[in-house]
Amino acid sequence: RDQKPIPDARISLHCWMVSGMSPAIQVTTTNADGQFEFPKRPDDASYYFVIRKVPYAAIWQKFASGEGGANVILRPAVDTWIQVRNAAGAPLKGARIANLSIRTEENTLTYVSRGAEHLLGWEFTASDDAGRLNLPPLPEDASIDVRIDHPRWAQEKLSNLRVTAGRLDAVSLPEGVLTT
């Protein structure tokens with residue numbers, strides 16, 4: 001955010017397919033000036049690049065082949081969590097992140113659904129016995145929406161949460177019916 005280049009950030013190139021995001025097509029790192037480049041690609045697909053560098057939060061960006069450069073801002077990663085309870089107010093073990101939307105002023109929307117989190121180097125873990133649902137390392141001061149589900153309870157969505165360290169919010173999942 002201070003506009004200084006970030007060298008040695010890991011960049012992976014992915015293609016969007018009907019089945020979702022492809023494994024990395026190509027991987028590179030940023031140079032001392034914080035720059036990187038992939039060879040020109042055909043225009044018949046949607047491409048994304050994922051940027052990862054500790055201690056910053058990982059992001060992904062869409063780009064079109066033949067586009068000019070992109071200016072990407074990485075924010076420090078913040079460890080945060082949500083308290084999950086059942087309808088009676090008791091801590092709920094086994095709640096999971098179904099999807100997560102991340103927005104910052106300088107970068108476009110990042111939407112991550114369960115099963116795609118590994119592309120950002122994350123693992124969506126279930127809430128523990130105390131109902132603590134750890135979120136992945138998120139960009140400091142980002143705005144997020146998170147949908148939480150559970151095999152035995154109805155899902156719930158929290159919207160426009162501002163990312164800060166520690167407990168972010170609490171949610172109670174309403175009673176639901178398992179359907180197939």
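D141 lies in the loop between β11 (138-139) and β12. Strands here are DSSP runs of E with at least two residues, helices are runs of H or I with at least four, and both are numbered from the N terminus. The model is predicted, so local features need pLDDT of at least 70 and side-chain atom pairs count only at pLDDT 80 or more, whereas totals for chains, interfaces and linings use all residues. Residues are numbered from 1 along each chain as its sequence is written, and side-chain values use heavy atoms, with hydrogens and water left out.

D141 has a positive phi of about 65°, although it is not a glycine. Most residues other than glycine have a negative phi, and most peptide bonds are trans. D141 counts as partly exposed because its relative accessibility is 33%. The cut-offs are under 20% relative accessible area for buried and over 50% for exposed, with partly exposed in between (1.4 Å probe, protein chains only).

N160 also has a positive phi, of about 55°, and is not a glycine. N160 is found in strand β13. With a relative accessible area of 56%, N160 is exposed. The peptide bond from V54 to P55 is cis, with omega near 15°. P55 lies in the loop between β4 and β5 (59-63).

The chain as a whole is built from strands. It has 14 strands and zero helices. The C-alpha trace spans about 55 × 40 × 25 Å along its principal axes. Of the 180 residues, 42% count as buried. Contact means heavy atoms within 4.5 Å. Among contacts in the chain with a separation of 6 or more, 56% are between residues 24 or more positions apart.

The chain exposes about 10000 Å², and carbon and sulfur atoms supply 48% of this area. Accessible areas come from the Shrake-Rupley method with a 1.4 Å probe; for residues, only the protein chains shown count as cover. The chain carries 20 positive and 21 negative charges, and their mean positions are 3 Å apart. Lys and Arg count as positive and Asp and Glu as negative, while His and the chain ends are not counted. Each charge is placed at NZ of Lys, CZ of Arg, CG of Asp or CD of Glu.

Nonpolar side chains tend to be buried together in soluble globular proteins. A nonpolar core is a set of buried Ala, Val, Leu, Ile, Met, Phe, Trp, Tyr and Cys residues joined through side-chain atoms within 4.5 Å. The largest such core in the chain has 33 residues, of which I82, V84, W122, I144, V146 and I148 touch the most other members. Two or more residues of this core come from each of β4 (46-52), β7 (80-85), β8 (96-103), β12, β13 (153-162) and β14 (166-172). Another core lies apart from it; this one has eleven residues, among them I6, I11, L13 and I51. Beyond neighbours up to four places away in sequence, W122 touches A58, L100, I102, V112, E117, P136, P137 and L138.

D145 is placed in strand β12 (residues 143-150). D145 counts as buried because its relative accessibility is 13%. The side chains of D145 and R103 are joined by a polar contact of 3.2 Å. A polar contact is a pair of N or O atoms within 3.5 Å; within protein, one must be able to donate a hydrogen and the other to accept it, and residues adjacent in sequence count only if both atoms are side-chain atoms. A polar atom of the D145 side chain also lies 2.8 Å from the backbone nitrogen of N160. Outside four places in sequence, D145 is in contact with N99, L100, S101, R103, K157, L158, S159 and N160.

G131 lies in the loop between β9 (110-113) and β10 (132-134). G131 is buried, with a relative accessible area of 0%. G131 and Q83 are 48 residues apart in sequence, yet 5.5 Å apart in space, C-alpha to C-alpha. Leaving aside neighbours within four places in sequence, G131 is in contact with I82, Q83, V84, P91 and L92.

A9 lies in the segment before β1 (10-17). At 2% relative accessibility, A9 is buried. A9 touches T28, T29, T30, I51, R52 and K53, not counting residues up to four places away in sequence. A9 and P23 are 14 residues apart in sequence and 18 Å apart in space, C-alpha to C-alpha.
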